[in-house]
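Hi,

Here is the structure I said I would pass on. Have a look first, and then read my notes below.

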Amino acid sequence: MQSIVNFVLELDKLKTVTRKTRPLGLDRYENSAEHSWQIAMLAASLAPYAETPLNIDRVIRMLLVHDIGEIDTGDTLVYAEGGWEERKAAELAGAKRIFGLLPGPQGEAFLELWQEFERGETPEARFAHAADRAMPVLLNLANEGQSWRENGISHARVVGRIATPIREGCPALWEYLEIRLEEARQKGLFGG
């Protein structure tokens with residue numbers, strides 16, 4: 001029991017990992033724990049739009065663990081360029097440390113979910129990636145491009161980073177977003 005308590009208390013640190021997007025109507029930036037919860041809810045809500053049958057419970061569990069390594073590394077803006085191999089190696093080390101707090105089989109199961117998300121090879125992982133990439137876009141569209149403008153992120157950079165994973169994971173979501181991103185470009189909501 002103590003190992004589970006230690007694990008859950010370690011997870012509390014995810015609330016201190018600040019991201020670059022603000023929650024709607026707030027002046028502060030969201031944290032990675034809020035992000036993980038919100039994309040899990042997005043994925044659950046989008047399940048009827050999946051192209052193939054999914055184990056949505058697996059998707060949700062994957063989304064709840066996908067940013068755990070950020071407790072040790074911090075968050076990286078999804079539109080960052082370069083250095084991804086080093087960041088992902090550091091996140092893996094963090095995930096192994098944190099999931100290692102649990103008894104063997106439990107920790108190993110969470111680590112496998114984390115790695116499945118990272119590989120992006122299963123329909124569940126691709127769907128989870130679509131939700132993960134879409135949520136910052138949805139918040140930016142609702143916030144008049146807040147983090148895009150603050151960080152000098154161009155329309156081309158956003159589309160270049162998110163189009164493929166969203167299209168591969170949930171084509172209907174990409175069809176929805178593609179139109180809104182073009183409207184945002186025409187309104188001047190991007191930086192760079």
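**What I found**

The protein chain has a radius of gyration of 17 Å, which agrees with the value near 16 Å that a compact globule of 192 residues would have (taken over C-alpha atoms; the globule rule is 2.2 Å times the number of residues to the power 0.38). Do keep in mind that this is a predicted model, where local features need pLDDT of at least 70, side-chain atom pairs count only at pLDDT 80 or more, and totals for chains, interfaces and linings use all residues. Residues are numbered from 1 along each chain as its sequence is written, and side-chain values use heavy atoms, with hydrogens and water left out.

The chain has 10 helices and 0 strands (DSSP runs, numbered from the N terminus: H or I of at least four residues for helices, E of at least two for strands). Its C-alpha trace spans about 55 × 35 × 30 Å along the principal axes. Buried residues (under 20% relative accessible area, with exposed over 50% and partly exposed in between, 1.4 Å probe, protein chains only) make up 43% of the 192.

Now for helix H10, residues 171–187. Its 17 residues should span 24 Å at 1.5 Å a residue, and the end C-alpha atoms are 25 Å apart, which agrees (the expected span is 1.5 Å times one less than the number of residues). Pro-171, Leu-173, Trp-174, Leu-177, Leu-181 and Ala-184 are buried in H10. Just after H10, Gly-188 takes a positive phi of about 80°.

At the other end, Val-5 lies in helix H1 (residues 2–11). Val-5 counts as partly exposed because its relative accessibility is 35%.

Cheers
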